[in-house]
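Please read the following points alongside the sequence and the model.

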Amino acid sequence: MLYLDHAATSPVRPEVLEAMRPFLTGVFGNPSSHHTAGEAAASALDGARARVARVLGMRTNDVVFTAGGTEANNLAVKGIALAALEAGRRHLVISPIEHESILESAGYLRRFHGVEVTMIPVDSRGRIAPDALTAAIREDTSLVSFGHANNEIGTVQDVTALAAVTSAVKVPLHLDAVQSAGWLPLRDLGADALSIAGHKLGAPKGIGALAVRGRLPVEPLLHGGGQERGRRSGTENVAGAVALATALELAERERELVAARVAATSLRFAALVLAAVPAAALTGDPVHRLPGTASFTFAGTSGEAVLLELERRGVISSSGSACAAGSDDPSHVLLACGIAPEVAQTSVRFTFGREELATDAPERLAALVAESVRAARG
């Protein structure tokens, strides 16, 4: 089996398992407990927090551990927007291609707190223009939130240009870096808050982090014992925090070499598919994209049928975001890029991982894709 759905989740790395093992067995104390066992756990938690902060270019106390990327995005969007209501800032800016955790958080704020939400348009490749962002921001804007890289089409935003816009008007910027962590540089992006998820990096599911600068007020979503400096109550997942820190450090250490290798494989594969399948179209930006993402539409087919044919041939891929699994609706990302609904429903996403594949893997995989599309057409 060839697994090409790493944007949904990646396997846990052996080094990560070994790093977290002591905190599932011998060092099992509650980090809030004031005894030896608790203090050992607290020390490990503090160390993990500092390690994550170093990779992200933030201060140690800026890092809030969460249960994953969805919670991190919810805490950023809801927490920052709710904290700004008291100052009369009731306006939020996002884009229509965001992950469901951002879109649904914005919807909640609109329905229950009267927050006005502006959707910045994207171009056909999924990019936000700085001028469009400038036009969207108002005096009462509390937050701008968008994905560093899109989870479906892999398009990478020009963060430097967009952050310059928000910085000039002193509006906080949140970046959903769940997909870009481990693939793109995350330091010095100009963001005030940044979300990551462990299971995209080789850590287990159920651990993530929001790094949010300490000067920025955040209303907690979880109330209780006041853990995580009052920003996220609940007994911390110490083993998960250690796993996230280890996976993030490993990915960052390898990033430049691995990203270049995977990008070469992905680009070769995409070119072969476009040559072999006449109706294939690459979605997203062909240049500004994640190294491992190759997403297509196959007009005249059903994306789900192509996926089934691929799986019969030993290839695991997806039709888009795993968080929208089970929906028959066309991808909101592709619709926002101007792709017709009937074509958007034919999308198939291939996302490569960090493992090294055989030299002829792009050729073999492209041949299987062409065969699967022909079979899906009947």
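Which residue forms a salt bridge with Glu249? The partner is Arg51, and the closest N and O atoms of the two are 2.9 Å apart. A salt bridge here is a side-chain nitrogen of Lys or Arg within 4 Å of a carboxyl oxygen of Asp or Glu.

1. Basis of the note. This is a predicted model, in which local features need pLDDT of at least 70 and side-chain atom pairs count only at pLDDT 80 or more, while totals for chains, interfaces and linings use all residues. Residues are numbered from 1 along each chain as its sequence is written, and side-chain values use heavy atoms, with hydrogens and water left out.

2. Helices (H or I, at least four residues) and strands (E, at least two) are DSSP runs, numbered from the N terminus. The structure holds 16 salt bridges.

3. The pair Arg138 and Glu116. Their side chains meet in a salt bridge with an N to O distance of 3.2 Å. The pair links distant parts of the chain, 22 residues apart: Arg138 is in the loop between helix H5 (130-136) and E5, and Glu116 is in strand E4 (residues 116-119). Arg138 counts as partly exposed at 31% relative accessibility, and Glu116 is partly exposed as well, with a relative accessible area of 45%. For these terms, buried means under 20% relative accessible area, exposed over 50%, and partly exposed in between (1.4 Å probe, protein chains only).

4. The pair Arg313 and Glu371. A salt bridge joins the side chains of Arg313 and Glu371 (2.8 Å, N to O). Arg313 lies in the loop between H8 and E11 and Glu371 in helix H11, so the pair ties together parts that are 58 residues apart in sequence. Arg313 is partly exposed, with a relative accessible area of 25%, and Glu371 is partly exposed at 35%. Salt bridges that share partners join Glu309, Arg312, Arg313 and Glu371 into one network.

5. Helix H11. This helix (residues 361-377) has 17 residues, and from its first C-alpha to its last it reaches 24 Å, close to the 24 Å expected. The expected span is 1.5 Å times one less than the number of residues. Which residues of H11 are buried? They are Ala361, Pro362, Leu365, Ala366, Val369, Ala370, Ser372 and Val373. Seen down the axis of H11, these buried residues fall within an arc of 165°, so they line one face of the helix. The arc is that of the directions from the helix axis to the C-beta atoms. Among the elements that cover the buried residues are helix H7 (238-276), strand E10 (293-298) and strand E12 (347-351). Gly378 follows H11 and has a positive phi, near 75°.

6. Aromatic rings. Rings of Phe, Tyr and Trp (its six-membered ring) pair if their centres lie within 6.5 Å; planes under 30 degrees apart count as stacked, over 60 as edge-to-face and the rest as tilted. By this rule the count comes to six aromatic pairs. One of them is the edge-to-face pair of Phe269 and Phe352, with 5.7 Å centre to centre and 70° between the planes. Phe269 is in helix H7 and Phe352 in the loop between E12 and H11, 83 residues apart. Both Phe269 and Phe352 are buried. Phe296 and Phe350 also form an edge-to-face pair, with 6.1 Å centre to centre and 70° between the planes. Phe296 belongs to strand E10 and Phe350 to strand E12, 54 residues apart. Ring pairs link Phe269, Phe296, Phe298, Phe350 and Phe352 into a cluster.

7. Ser145. This residue is found in strand E5 (residues 141-147). Is Ser145 buried or exposed? Ser145 is buried, with a relative accessible area of 0%. The side chain of Ser145 makes a polar contact with the side chain of His174 at 2.8 Å. A polar contact is a pair of N or O atoms within 3.5 Å; within protein, one must be able to donate a hydrogen and the other to accept it, and residues adjacent in sequence count only if both atoms are side-chain atoms.

8. Ile196. Strand E7 (residues 193-197) contains Ile196, which counts as buried at 0% relative accessibility. The C-alpha atoms of Ile196 and Ala177 are separated by 5.5 Å, although the two residues are 19 residues apart along the chain. Not counting residues up to four places away in sequence, Ile196 touches several residues (heavy atoms within 4.5 Å), including Val52, Leu56, Ala177, Leu244 and Leu248.
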